[in-house]
Amino acid sequence: MASICLSTAEHKYIVESIEQDYRTDGRSCEDYRQIEVETRNLPNTNGSSRCKIGKTEVLVGVKAEVVDVDIHYPMHGKINISVDCSATASPQFAGRGSALKEEEILTVLNLLYTSIDALDLASLCIVKGESCWLLNIDVLYIQCGGNIFDAASIGLKAALHSTTMPNVTVAGEGIEMELEISDDPYHVWRLNTALCPICVTLYQVGQSFAVDVTEEEEECSTGHIHVGILSSGDVSAMEKSGAGNMDPEALLEMIDTAVKIGEEIHKQLDEHLIAEGQSATL
(Lines give C-alpha, C1' and ligand atoms only; values in the text may rest on other atoms or scores of the structure.)
Protein backbone atom coordinates (compact mmCIF):
# COMPACT_ATOMS: atom_id res chain seq x y z
CA MET A 1 0.00 0.00 0.00
CA ALA A 2 1.36 3.41 -0.96
CA SER A 3 1.69 5.95 1.83
CA ILE A 4 2.53 9.61 2.30
CA CYS A 5 6.29 10.16 2.27
CA LEU A 6 7.48 12.57 4.95
CA SER A 7 11.00 13.63 5.73
CA THR A 8 12.31 13.31 9.27
CA ALA A 9 12.01 17.07 9.72
CA GLU A 10 8.41 17.12 8.44
CA HIS A 11 7.46 14.24 10.73
CA LYS A 12 8.99 15.97 13.74
CA TYR A 13 7.32 19.28 12.89
CA ILE A 14 3.85 17.72 12.61
CA VAL A 15 4.21 15.76 15.87
CA GLU A 16 5.49 18.77 17.83
CA SER A 17 2.73 20.97 16.39
CA ILE A 18 0.02 18.59 17.59
CA GLU A 19 1.68 18.22 20.99
CA GLN A 20 1.54 22.03 21.29
CA ASP A 21 -2.13 22.06 20.19
CA TYR A 22 -1.39 24.21 17.14
CA ARG A 23 -1.49 22.20 13.95
CA THR A 24 0.19 23.08 10.67
CA ASP A 25 -3.11 24.39 9.21
CA GLY A 26 -3.85 26.54 12.27
CA ARG A 27 -6.43 24.24 13.87
CA SER A 28 -6.34 23.01 17.45
CA CYS A 29 -6.30 19.27 18.09
CA GLU A 30 -10.08 19.20 18.63
CA ASP A 31 -11.04 21.24 15.54
CA TYR A 32 -12.61 19.77 12.43
CA ARG A 33 -12.21 21.23 9.00
CA GLN A 34 -15.38 22.55 7.38
CA ILE A 35 -17.96 19.79 6.86
CA GLU A 36 -20.13 20.08 3.75
CA VAL A 37 -23.16 17.83 3.30
CA GLU A 38 -25.78 17.72 0.58
CA THR A 39 -28.44 15.09 -0.08
CA ARG A 40 -30.59 13.75 -2.92
CA ASN A 41 -27.78 14.27 -5.43
CA LEU A 42 -27.68 10.81 -7.05
CA PRO A 43 -30.41 9.75 -9.51
CA ASN A 44 -32.04 6.31 -9.42
CA THR A 45 -31.55 5.93 -5.68
CA ASN A 46 -33.94 5.96 -2.74
CA GLY A 47 -31.55 8.25 -0.88
CA SER A 48 -28.10 9.73 -1.35
CA SER A 49 -25.59 12.21 0.00
CA ARG A 50 -22.24 13.83 -0.58
CA CYS A 51 -20.01 14.58 2.39
CA LYS A 52 -16.87 16.67 2.10
CA ILE A 53 -14.38 17.27 4.92
CA GLY A 54 -11.33 19.19 3.78
CA LYS A 55 -10.06 17.34 0.72
CA THR A 56 -11.94 14.15 1.56
CA GLU A 57 -15.10 13.64 -0.47
CA VAL A 58 -17.42 10.65 -0.27
CA LEU A 59 -20.68 9.77 -2.01
CA VAL A 60 -23.28 7.49 -0.41
CA GLY A 61 -26.21 5.96 -2.28
CA VAL A 62 -29.09 3.90 -0.88
CA LYS A 63 -31.14 1.60 -3.09
CA ALA A 64 -33.99 -0.53 -1.77
CA GLU A 65 -35.15 -3.86 -3.17
CA VAL A 66 -37.64 -6.49 -2.06
CA VAL A 67 -36.08 -9.79 -0.97
CA ASP A 68 -36.96 -12.85 1.10
CA VAL A 69 -36.60 -12.46 4.84
CA ASP A 70 -33.85 -14.20 6.79
CA ILE A 71 -35.33 -17.33 8.37
CA HIS A 72 -33.63 -16.41 11.64
CA TYR A 73 -35.18 -12.91 11.61
CA PRO A 74 -38.61 -13.36 10.03
CA MET A 75 -39.85 -9.92 11.10
CA HIS A 76 -36.84 -7.85 10.09
CA GLY A 77 -35.49 -6.22 6.96
CA LYS A 78 -31.83 -6.13 5.97
CA ILE A 79 -29.03 -3.70 5.20
CA ASN A 80 -25.92 -4.35 3.16
CA ILE A 81 -23.02 -1.87 3.07
CA SER A 82 -20.31 -1.87 0.41
CA VAL A 83 -17.28 0.41 0.15
CA ASP A 84 -15.38 1.44 -2.97
CA CYS A 85 -12.06 3.28 -2.65
CA SER A 86 -11.15 4.63 -6.06
CA ALA A 87 -7.43 4.37 -6.85
CA THR A 88 -7.57 7.94 -8.14
CA ALA A 89 -8.75 9.23 -4.76
CA SER A 90 -5.44 8.72 -2.97
CA PRO A 91 -2.04 7.03 -3.39
CA GLN A 92 -2.87 4.85 -0.37
CA PHE A 93 -5.64 3.21 -2.42
CA ALA A 94 -3.27 2.04 -5.15
CA GLY A 95 -2.79 -1.70 -5.74
CA ARG A 96 -3.84 -3.87 -2.80
CA GLY A 97 -4.22 -0.73 -0.74
CA SER A 98 -7.79 -0.15 -1.88
CA ALA A 99 -8.97 -3.63 -0.85
CA LEU A 100 -7.32 -3.35 2.56
CA LYS A 101 -8.72 0.11 3.22
CA GLU A 102 -12.20 -0.89 1.99
CA GLU A 103 -12.21 -3.80 4.42
CA GLU A 104 -11.10 -1.53 7.27
CA ILE A 105 -13.79 1.07 6.54
CA LEU A 106 -16.47 -1.59 6.11
CA THR A 107 -15.55 -3.12 9.47
CA VAL A 108 -16.07 0.24 11.19
CA LEU A 109 -19.38 1.00 9.45
CA ASN A 110 -20.74 -2.48 10.18
CA LEU A 111 -19.67 -2.05 13.80
CA LEU A 112 -21.59 1.23 14.01
CA TYR A 113 -24.75 -0.26 12.55
CA THR A 114 -24.77 -3.67 14.25
CA SER A 115 -23.68 -2.73 17.78
CA ILE A 116 -27.08 -1.15 18.45
CA ASP A 117 -30.41 -0.97 16.68
CA ALA A 118 -29.24 1.98 14.60
CA LEU A 119 -32.09 1.36 12.18
CA ASP A 120 -35.52 -0.05 12.95
CA LEU A 121 -35.17 -3.20 10.86
CA ALA A 122 -38.68 -4.28 11.86
CA SER A 123 -40.05 -1.34 9.86
CA LEU A 124 -38.41 -2.86 6.76
CA CYS A 125 -40.47 -6.07 7.04
CA ILE A 126 -43.23 -6.25 4.43
CA VAL A 127 -44.80 -9.66 5.11
CA LYS A 128 -43.78 -11.57 8.22
CA GLY A 129 -41.74 -14.62 7.31
CA GLU A 130 -41.99 -13.85 3.61
CA SER A 131 -40.58 -10.61 2.24
CA CYS A 132 -38.78 -7.50 3.39
CA TRP A 133 -36.82 -4.51 2.17
CA LEU A 134 -33.07 -4.80 1.66
CA LEU A 135 -31.19 -1.50 1.79
CA ASN A 136 -28.09 -1.64 -0.40
CA ILE A 137 -25.78 1.13 0.78
CA ASP A 138 -22.85 2.03 -1.48
CA VAL A 139 -20.04 4.22 -0.16
CA LEU A 140 -17.73 5.66 -2.82
CA TYR A 141 -14.64 7.75 -2.13
CA ILE A 142 -14.04 10.41 -4.76
CA GLN A 143 -11.08 12.02 -3.04
CA CYS A 144 -9.14 11.30 0.12
CA GLY A 145 -7.49 13.89 2.32
CA GLY A 146 -7.64 12.18 5.71
CA ASN A 147 -10.43 11.36 8.18
CA ILE A 148 -12.12 8.93 5.82
CA PHE A 149 -14.02 7.05 8.54
CA ASP A 150 -15.83 10.06 9.98
CA ALA A 151 -16.74 11.35 6.53
CA ALA A 152 -18.30 8.00 5.59
CA SER A 153 -20.36 7.83 8.78
CA ILE A 154 -21.67 11.39 8.36
CA GLY A 155 -22.49 10.75 4.71
CA LEU A 156 -24.22 7.49 5.62
CA LYS A 157 -26.49 9.12 8.20
CA ALA A 158 -27.33 11.92 5.76
CA ALA A 159 -28.15 9.46 2.96
CA LEU A 160 -30.40 7.39 5.21
CA HIS A 161 -32.14 10.55 6.42
CA SER A 162 -32.93 11.46 2.81
CA THR A 163 -34.15 7.96 1.92
CA THR A 164 -37.78 7.58 0.89
CA MET A 165 -39.42 4.15 0.85
CA PRO A 166 -42.41 3.40 -1.40
CA ASN A 167 -45.57 2.08 0.20
CA VAL A 168 -46.41 -1.54 -0.53
CA THR A 169 -49.85 -3.07 -0.86
CA VAL A 170 -50.22 -6.80 -0.24
CA ALA A 171 -52.88 -8.52 -2.33
CA GLY A 172 -53.94 -12.16 -1.98
CA GLU A 173 -52.55 -14.88 0.28
CA GLY A 174 -50.12 -17.78 0.09
CA ILE A 175 -48.83 -18.63 -3.37
CA GLU A 176 -51.26 -16.12 -4.86
CA MET A 177 -49.92 -13.26 -2.79
CA GLU A 178 -48.69 -10.28 -4.79
CA LEU A 179 -46.89 -7.14 -3.74
CA GLU A 180 -47.86 -3.88 -5.37
CA ILE A 181 -45.16 -1.25 -4.96
CA SER A 182 -46.39 2.30 -5.36
CA ASP A 183 -44.60 4.43 -7.96
CA ASP A 184 -46.18 7.63 -6.62
CA PRO A 185 -43.26 9.81 -5.39
CA TYR A 186 -45.55 11.27 -2.72
CA HIS A 187 -46.82 7.89 -1.52
CA VAL A 188 -43.72 7.14 0.56
CA TRP A 189 -42.42 6.87 4.09
CA ARG A 190 -39.08 7.76 5.67
CA LEU A 191 -36.59 5.86 7.78
CA ASN A 192 -36.15 6.73 11.44
CA THR A 193 -32.52 7.87 11.77
CA ALA A 194 -32.72 9.06 15.39
CA LEU A 195 -30.34 6.29 16.50
CA CYS A 196 -27.95 6.46 13.56
CA PRO A 197 -24.45 7.02 14.99
CA ILE A 198 -21.54 8.95 13.59
CA CYS A 199 -17.91 8.01 14.01
CA VAL A 200 -15.40 10.29 15.73
CA THR A 201 -11.86 9.02 15.12
CA LEU A 202 -9.07 10.20 17.39
CA TYR A 203 -5.43 9.69 16.40
CA GLN A 204 -2.58 9.40 18.86
CA VAL A 205 0.32 11.54 17.70
CA GLY A 206 3.34 11.81 19.95
CA GLN A 207 2.15 12.51 23.48
CA SER A 208 -1.15 14.00 22.35
CA PHE A 209 -4.10 13.18 20.09
CA ALA A 210 -6.06 14.92 17.36
CA VAL A 211 -9.32 14.58 15.43
CA ASP A 212 -10.00 15.08 11.73
CA VAL A 213 -6.40 14.42 10.75
CA THR A 214 -4.95 15.06 7.32
CA GLU A 215 -3.13 12.29 5.47
CA GLU A 216 0.20 13.75 6.62
CA GLU A 217 -0.91 13.79 10.25
CA GLU A 218 -2.24 10.27 9.97
CA GLU A 219 1.20 9.15 8.75
CA CYS A 220 2.64 10.42 12.06
CA SER A 221 0.10 8.56 14.20
CA THR A 222 0.95 5.46 16.22
CA GLY A 223 -2.66 4.39 16.75
CA HIS A 224 -6.25 5.54 16.70
CA ILE A 225 -9.68 4.77 18.10
CA HIS A 226 -13.06 4.92 16.40
CA VAL A 227 -15.88 5.97 18.73
CA GLY A 228 -19.50 5.65 17.65
CA ILE A 229 -21.56 8.51 19.09
CA LEU A 230 -25.34 8.85 19.16
CA SER A 231 -27.09 12.22 19.04
CA SER A 232 -27.85 11.76 22.77
CA GLY A 233 -24.10 11.67 23.49
CA ASP A 234 -24.10 7.98 24.34
CA VAL A 235 -21.24 5.82 23.09
CA SER A 236 -22.58 3.05 20.86
CA ALA A 237 -19.34 1.38 19.76
CA MET A 238 -15.58 1.67 20.01
CA GLU A 239 -12.60 0.08 18.30
CA LYS A 240 -8.85 0.63 18.57
CA SER A 241 -6.48 0.27 15.65
CA GLY A 242 -2.71 0.57 15.34
CA ALA A 243 0.25 -0.87 17.18
CA GLY A 244 0.74 1.95 19.68
CA ASN A 245 -0.19 1.54 23.34
CA MET A 246 -2.64 3.99 24.89
CA ASP A 247 -2.60 5.07 28.50
CA PRO A 248 -5.96 4.29 30.18
CA GLU A 249 -6.32 7.86 31.44
CA ALA A 250 -5.55 9.24 27.99
CA LEU A 251 -8.06 6.82 26.48
CA LEU A 252 -10.79 8.09 28.80
CA GLU A 253 -9.92 11.66 27.85
CA MET A 254 -10.14 10.73 24.17
CA ILE A 255 -13.59 9.18 24.67
CA ASP A 256 -14.82 12.28 26.53
CA THR A 257 -13.54 14.42 23.66
CA ALA A 258 -15.27 12.18 21.13
CA VAL A 259 -18.58 12.53 22.97
CA LYS A 260 -18.32 16.32 23.10
CA ILE A 261 -17.41 16.61 19.42
CA GLY A 262 -19.89 13.94 18.30
CA GLU A 263 -22.83 15.66 19.99
CA GLU A 264 -21.98 18.95 18.27
CA ILE A 265 -21.63 17.32 14.83
CA HIS A 266 -24.97 15.53 15.30
CA LYS A 267 -26.64 18.81 16.28
CA GLN A 268 -25.30 20.73 13.28
CA LEU A 269 -25.98 17.84 10.88
CA ASP A 270 -29.56 17.36 12.08
CA GLU A 271 -30.27 21.09 11.78
CA HIS A 272 -28.81 21.12 8.27
CA LEU A 273 -30.77 18.03 7.14
CA ILE A 274 -34.05 19.42 8.49
CA ALA A 275 -33.48 22.77 6.76
CA GLU A 276 -32.49 21.04 3.53
CA GLY A 277 -35.57 18.84 3.67
CA GLN A 278 -37.86 21.81 4.19
CA SER A 279 -36.36 23.69 1.24
CA ALA A 280 -36.74 20.59 -0.95
CA THR A 281 -40.51 20.52 -0.31
CA LEU A 282 -41.09 24.14 -1.33
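This is a predicted model: local features need pLDDT of at least 70, side-chain atom pairs count only at pLDDT 80 or more; totals for chains, interfaces and linings use all residues.

Colleague: Which strands do Arg50 and Glu36 lie in?

Modeller: Arg50 is in strand E2, residues 47-53, and Glu36 is in strand E1, residues 35-39. So the pair ties together parts that are 14 residues apart in sequence.

Colleague: Is Arg50 buried or exposed?

Modeller: Buried. Arg50 has 15% relative accessibility, and the cut-off for buried is under 20%. Glu36 counts as partly exposed, at 30%.

Colleague: And Glu57, which side chain does that one meet in a salt bridge?

Modeller: Arg50 again. The N to O distance for Glu57 and Arg50 is 3.4 Å. Glu57 is buried too, because its relative accessible area is 16%, under the 20% cut-off.

Colleague: Switching to the helices. What does Lys157 pair with?

Modeller: Asp270. Their side chains meet in a salt bridge at 2.9 Å, N to O. Asp270 lies in helix H5 and Lys157 in helix H3, so the pair ties together parts 113 residues apart in sequence.

Colleague: Where does helix H3 run?

Modeller: Helix H3 covers residues 148-162. Helix H5 covers residues 248-280.

Colleague: Lys157 or Asp270: how accessible are they?

Modeller: Lys157 is buried, with a relative accessible area of 1%. Asp270 counts as partly exposed, at 26%.

Colleague: What else is Lys157 in contact with?

Modeller: Leaving aside neighbours within four places in sequence, the contacts of Lys157 are Tyr113, Thr193, Cys196, Ile198, His266, Leu269 and Asp270.

Colleague: Why would such side chains pair at all?

Modeller: Opposite charges can pair when their charged atoms come close.

Colleague: How many salt bridges does the structure hold?

Modeller: The structure holds 11.

Colleague: Which residues are linked in a network of salt bridges?

Modeller: Arg23, Asp25, Arg27, Arg33, Asp212 and Glu217 are linked that way.

Colleague: New topic, the surface. Which residues form the negative patch?

Modeller: Asp234, Glu263, Glu264 and Glu271 form a negative surface patch.

Colleague: Take Glu263. Which helix does Glu263 lie in?

Modeller: Glu263 lies in helix H5, the helix that also holds Asp270.

Colleague: And what does Glu263 count as, by accessibility?

Modeller: Partly exposed, because Glu263 has 33% relative accessibility.

Methods
Residues are numbered from 1 along each chain as its sequence is written. Side-chain values use heavy atoms; hydrogens and water are left out. Helices (H or I, at least four residues) and strands (E, at least two) are DSSP runs, numbered from the N terminus. Contact means heavy atoms within 4.5 Å. Patches are made of residues with over 30% relative accessible area and no salt bridge: like charges are joined within 9 Å, nonpolar side chains (Val, Leu, Ile, Met, Phe, Trp, Tyr) within 5 Å. Accessible areas come from the Shrake-Rupley method with a 1.4 Å probe; for residues, only the protein chains shown count as cover. A salt bridge is a side-chain nitrogen of Lys or Arg within 4 Å of a carboxyl oxygen of Asp or Glu. Lys and Arg count as positive and Asp and Glu as negative; His and the chain ends are not counted. The place of a charge is taken as NZ of Lys, CZ of Arg, CG of Asp or CD of Glu. Buried means under 20% relative accessible area, exposed over 50%, partly exposed in between (1.4 Å probe, protein chains only).
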